[in-house]
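Please look over the briefing below alongside the model. It is arranged by topic.

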Amino acid sequence: MLSRTSKLFMLLISIGSTSLCAQTTAIKTNGRLILGTYSERTASVASGDIDGDGDHDILVANGRHWPGQNRIFINNGRGIFTVEKDLGSLKETTYAAELADLDNDGDLDVAVGNDMAPNALFFNDGNGNFTKKGSFGESYSSTRNLTLADLNQDSFIDILITNRGRPNEICLNDGKGGFSKTMNFGNSKDSTIDVVAVDIDGDTDLDLILANRDGQSNYVYLNDGKLGFDEKIAFGTGSDDTRSVGVGDINEDGMLDIITANIGSPNVIYLGSVKDPYIQTIIFDNTDAESYAVSIADMDSDTDLDIIIGNSESTNMIYFNEENGKKWVAYPLKDEPSDTYDIITIDLNNDGREDIIEANSDAINRYYFNRLKK
C-alpha cells in the first residue's frame, strides 16, 4: 500500500508539473537548520527582530499541558541561530507566545498564553533581554492561542485569548502595556483554537475569524466599529473540527478568502463574495490528515498566494497555487511524518524569499530555507 507521501508525489507527477517538482527540491532543511537539539512539546513559534539588529529571531513556546521552558533563538544575520536564551526562569504550560510592541516603546515584547495557569507579559529592554511584568486575562483558563492586534484602533496592541470550552477574551491595552480591561467574544462554551483579526468586510475595522473544534461551527464575527460583534457569518459544514485558519485573496478577485486546516477532513478555502460570502469553496487538500496549522505566503515568487499546512502524524505540505486557485500542486516538505502544532513563514536569511519554520511536538523544531528561483 502506498503511503500518503508517495501518493502525493504521484499526484505531483500526474498533473505534469515537472518543472515545479524540480524547483521545490530547493525548499530544504538539514541537520544545521534546527532550533536547538531538544525534543519538547512545542506548541507555537513566532518570529520578529527581538534584539533590534535588523534580522528575524525566533520565539519558541513549549509545554502545552506540561510545564516547559520557552526559548528565544537569536539570528546571526544569515538564518543561523547561534545564541539561545531562556524566556524567564520558570517552566510554564505554554500553548502560545507572540511578539508585539505592547508598551509602545519601539521594541518587541512577548505575551505568553498558558494552560490552566496565569498568562504572562515579558517586556523587552530593546536588546532582547526580557523582564516578566504582570499578567492578562483570566488566571486559570484553558488558553490555546493568542492573537495580537489593535482592535479598538487606538494605536495600541491588544490581546485576544482563545480558550477551549470557556469564554474567549479581549484584553485592551492601556497604552503602557497594562491589560486590566477585558471583554469576552464568541459563545461562553466555544472550543476556539485559533482566531485571525483582519478587516474582512472592508469597513476599516478589524473583524474576527474563529476556528472552532469539537464539532462547533466556525464563524466570522463582524466588528461594528465599537468592538461589538453581534453580527456573525458561519462558514464550513457546521461540524468541522477546525484547528487553524488563515486569510488571504487566493483567487485574486479583490476579496479576502478564508483557508481552514481541519482535523480528519479535507482542508478548504471559503471564497469571499459581496453577495454570498464564504459559500463557494475550493478543496485544495482532499485528504483526511490531522491538519493543525496553516500559513499563507507566495513561496514561488509568482505573485499569488500558496498554502503551507502543518500536520500531526503525517507529512507537512506546501500547496502551490496555479490558475488563481483552480489548480493546486501538492509537495511534501520532507519524506517523514511530523507532529506539527504550528507552522509559519518568514524571511530568515534576508534573501527576499519566505522560509518555513515548524513547531514540532516531541521532535526537533526545524526550519527550511527557500531557494526557489525568483
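The model is predicted: local features need pLDDT of at least 70, side-chain atom pairs count only at pLDDT 80 or more, and totals for chains, interfaces and linings use all residues. Residues are numbered from 1 along each chain as its sequence is written, and side-chain values use heavy atoms, with hydrogens and water left out.

**Sheet β10 to β13**

- Four strands make up an open sheet ordered β10-β11-β12-β13, with antiparallel pairing; strands are DSSP runs (E, at least two residues) numbered from the N terminus, and two of them pair if DSSP finds at least two bridges between them.
- The edges are taken by β10 (143–149) and β13 (181–185), each with a single partner strand, so one side of each has no neighbour in the sheet.
- From one strand to the next, the twist averages 20°; axes are lines fitted to C-alpha atoms, and angles run from 0 to 180 degrees between N-to-C directions.
- Five bridges pair β12 (residues 168–172) with β13 in the antiparallel sense, and C171 has T182 in β13 as its bridge partner.
- E169 lies in β12 and counts as buried at 4% relative accessibility; buried means under 20% relative accessible area, exposed over 50%, and partly exposed in between, with a 1.4 Å probe and protein chains only.
- E169 and G137 are 32 residues apart in sequence, and their C-alpha atoms are 6.9 Å apart in space.

**Sheet β18 to β21**

- An open sheet of four strands runs in the order β18-β19-β20-β21, and its pairing is antiparallel.
- β18 and β21 (281–285) stand at the edges with a single partner strand each, so one side of each is left without a neighbour in the sheet.
- Neighbouring strands of this sheet are turned by 25° against each other on average, direction ignored.
- β20 (residues 267–270) pairs with β21 in the antiparallel sense over four bridges, and the bridge partner of I269 in β21 is I282.

**Largest pocket**

- The largest pocket holds about 930 Å³ of space; on a 1 Å grid over the protein atoms alone, a pocket is an open set of points where a 1.4 Å probe fits, with protein on both sides within 12 Å along at least five of seven lines.
- Its volume is the space filled by probe spheres set on the grid points, which are joined across faces, edges and corners.
- The lining of the largest pocket has 37 residues, of which E98, L146, D194, D342 and I344 lie nearest its centre; lining residues have an atom within 4 Å of a point.
- At least two lining residues come from each of β2 (40–48), β6 (94–100), β10, β14 (192–198), β18, β22 (290–297) and β26 (338–346).
- By type, the lining of the largest pocket divides into 22 nonpolar, ten polar and five charged residues; Ala, Val, Leu, Ile, Met, Phe, Trp, Tyr, Cys and Pro count as nonpolar, Asp, Glu, Lys and Arg as charged, and the others, Gly among them, as polar.

- β15 (residues 207–212) and β16 run antiparallel and are joined by three bridges, with I209 opposite V220.
- Five bridges join β16 to β17, also antiparallel, and V220 has I233 in β17 as its bridge partner.
- N223 sits in the loop between β16 (218–222) and β17 (231–235) and is buried at 4% relative accessibility.
- A polar atom of the N223 side chain lies 2.8 Å from the backbone nitrogen of G225, and a polar atom of that side chain lies 3.2 Å from the backbone nitrogen of L227.

**Residues with positive phi**

- Most residues other than glycine have a negative phi.
- R64, in the loop between β3 (57–62) and β4, has a positive phi near 60° and is buried, with a relative accessible area of 7%.
- N350, in the loop between β26 and β27 (355–363), has a positive phi near 55° and is partly exposed at 46% relative accessibility.
- D214 takes a positive phi near 60° in the hairpin of β15 and β16, which has five residues between the strands.

Terms used
A polar contact is a pair of N or O atoms within 3.5 Å; within protein, one must be able to donate a hydrogen and the other to accept it, and residues adjacent in sequence count only if both atoms are side-chain atoms.
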